[in-house]
Amino acid sequence: MISPLELHPEVSKYVEESLFHEQMIKDYGEETCSSLFRHLLAYLSTPPSYTTLRINVLSASASDIRKQVEQILTKQYKKKDWPPPVIDVHPMIADMLVIRNDGPHDIKQVENEVIIDLSCGTAVLRGADIYIQGILAATPGMRVGDEVSVYVDLDRGCRKGLTKPYEGRKLFVGNGMALCSRQDVFCSKEKTSGVGIQMTKPLYQSPSLSGLIPDLVYPQNLPSIVCSHVLDPQPGELILDMCAAPGGKTSHIATLMRDKGRLVALDKSKNKTTKIRDCCQQWGLHSVEVYAFDATKCLDSSSVIEGAPPYPPNTFSRILLDAPCSGLGQRPSLKSHMTLAEVSSYPPLQRQLFSKAVELLAPGGILVYSTCTITVSENEDIVTWALKEFPDISLQSQSPHIGRSSWPHRLFTVRQCEMLQRFGLSWTKDLSHSSGNTSVDDASEAGDSVDSNTIGFFIAKFIKLQ
Ligand SMILES: C[S@@+](CC[C@H](N)C(=O)[O-])C[C@H]1O[C@@H](n2cnc3c(N)ncnc32)[C@H](O)[C@@H]1O
């Protein structure tokens, strides 16, 4: 049993107050709101029920890629003794494959124990095997072929190479087979890379995606795929992706432009821009220019459109601001070490980036703002601030719209709520109209479909008036 996402108490209070504002507490009662918040934290600690892959439809047809993926994963599943995977093209989004995950399973724990860290544990819950470098501790005497039980160190207390049983708080994530001995992990100079534990009986069965036809397939969460479709990039346009690394949405935007036109991709982190370049190169995309650049400085009226940033005002036909955020929509998320100062540092940065985006956008141009977090302060509040601050932009409806509408906000009309998209667990559409109904959507209410059981994500679309 996975416990709810753990937050620093002051962060938990901040997020809860951001979601359940005074009016909601008045309308639905304190008890209901805090029980919904606990439900939300529990939901965030579990992995999504589906794995989604974006596919390169410029290189092959969706059905061909689906077949290739099916062949590879069927072999992988057979090796692990699992029933064959069910893989479909998403009914509304032609460049997305959907694979149903399965779990949680009831797995009997064995004596041999392997400890891994939080980030490795998160990957295991989404289908990954464990690389040798990811192993923090293993039972003395562990040999190749042994069955082992894998635990996540929840408190970052496990010393690398610990020989005694780990006494700290740990979460069981399934059983696997050792492909290396304990000696290989901690004492060998040779065998230090590659898969160390193959997860044969994980708590959640989902495909292991490392190296899965990288020129045709990009593992990406559903809302991120939707986000680039909402931007609706067209061939021949001049488009800006302001915060682009590692390049998932950049490569998608360039693909939707059929690699014709010019896509400028910026990221503040120089190291991360390498990932954008690699990603575009792998998909054979040539329309992308990548710059390591602070997007808060990318506007300058004396600059020119060609070449590197900064750029003059009214330049781009479309801009994606996939903003740096607190990331609290990520699933599974077992424990966050973020402090209140960190979480509350994002809205000012988001407003700064948004202001630049509005100026850089050409009249008639489209701006998409998105985050992978759940706080109202980084989502709905940014929209209400922007609509007040910039009378020359207007909120637009989105296509495709397969997520929920926004979190209830005292400054939105019902129509405005419906123009925004929130993914992951959300307030039921009808709840805001009926104080008698106090449920959030869950598995019993179509909440377990691929469109709803995903990460927490927010999308807003604007047009700059002519
Ligand atoms: C949510 S991630 C972007 C994910 C990316 N759009 C994708 O789909 O692969 C936010 C990114 O913003 C970058 N960032 C943070 N501050 C920035 C700034 N001032 N200018 C440009 N990029 C920034 C971070 O390095 C991070 O890579």
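Visitor: Which strand holds Asp322?
Guide: This is a predicted model, where local features need pLDDT of at least 70, side-chain atom pairs count only at pLDDT 80 or more, and totals for chains, interfaces and linings use all residues. Residues are numbered from 1 along each chain as its sequence is written. Strands are DSSP E runs of at least two residues, helices H or I runs of at least four, numbered from the N terminus. Asp322 lies within residues 316–322, which form strand S14.

Visitor: Is Asp322 buried or exposed?
Guide: Buried takes 20 or more other C-beta atoms, placed from the backbone, within 10 Å of the residue's own; exposed means 12 or fewer, partly exposed in between. Asp322 has 23 such neighbours, so Asp322 counts as buried.

Visitor: What does Asp322 touch, leaving aside neighbours within four places in sequence?
Guide: Contact means C-beta atoms, placed from the backbone, within 7 Å. By that test, the partners of Asp322 are Cys227, Cys243, Lys249 and Ser370.

Visitor: Which residues come nearest the ligand?
Guide: A residue is near if its C-beta atom, placed from the backbone, lies within 6 Å. The shell around the ligand has 18 residues. Helix H8 (248–256) and strand S12 (262–267) each give two or more of them. The nearest are Cys243, Gly248, Lys268, Ala295 and Asp322.

Visitor: Where does Gly247 lie?
Guide: The unreviewed UniProt entry lists Gly247 under "binding site", and Asp322 as well. Such annotations may be inferred rather than shown by experiment. Gly247 is buried, because 28 C-beta neighbours fall inside 10 Å. Its place is the loop between strand S11 (238–241) and H8.

Visitor: On how wide an arc do the buried residues of helix H12 sit?
Guide: Helix H12 covers residues 380–389, and its buried residues are Glu380, Ile382, Val383 and Ala386. The arc is taken from the directions from the helix axis to the C-beta atoms. These residues share one side of H12, because their arc is only 155°.

Visitor: Which exposed residues are on the face of H12 turned away from its buried side?
Guide: The buried residues of H12 pack against helix H11 (346–360), strand S15 (361–371), strand S16 (393–396) and S18. The face turned away carries the exposed Lys388 and Glu389.

Visitor: Which residues does Val450 touch, not counting those up to four places away in sequence?
Guide: Val450 sits in the loop between strand S17 (421–423) and strand S18 (457–464). Val450 is buried, because 21 C-beta neighbours lie inside 10 Å. Its contacts are Tyr50, His90, Val98 and Leu222.

How values were computed:
Contact = placed C-beta atoms within 7 Å.
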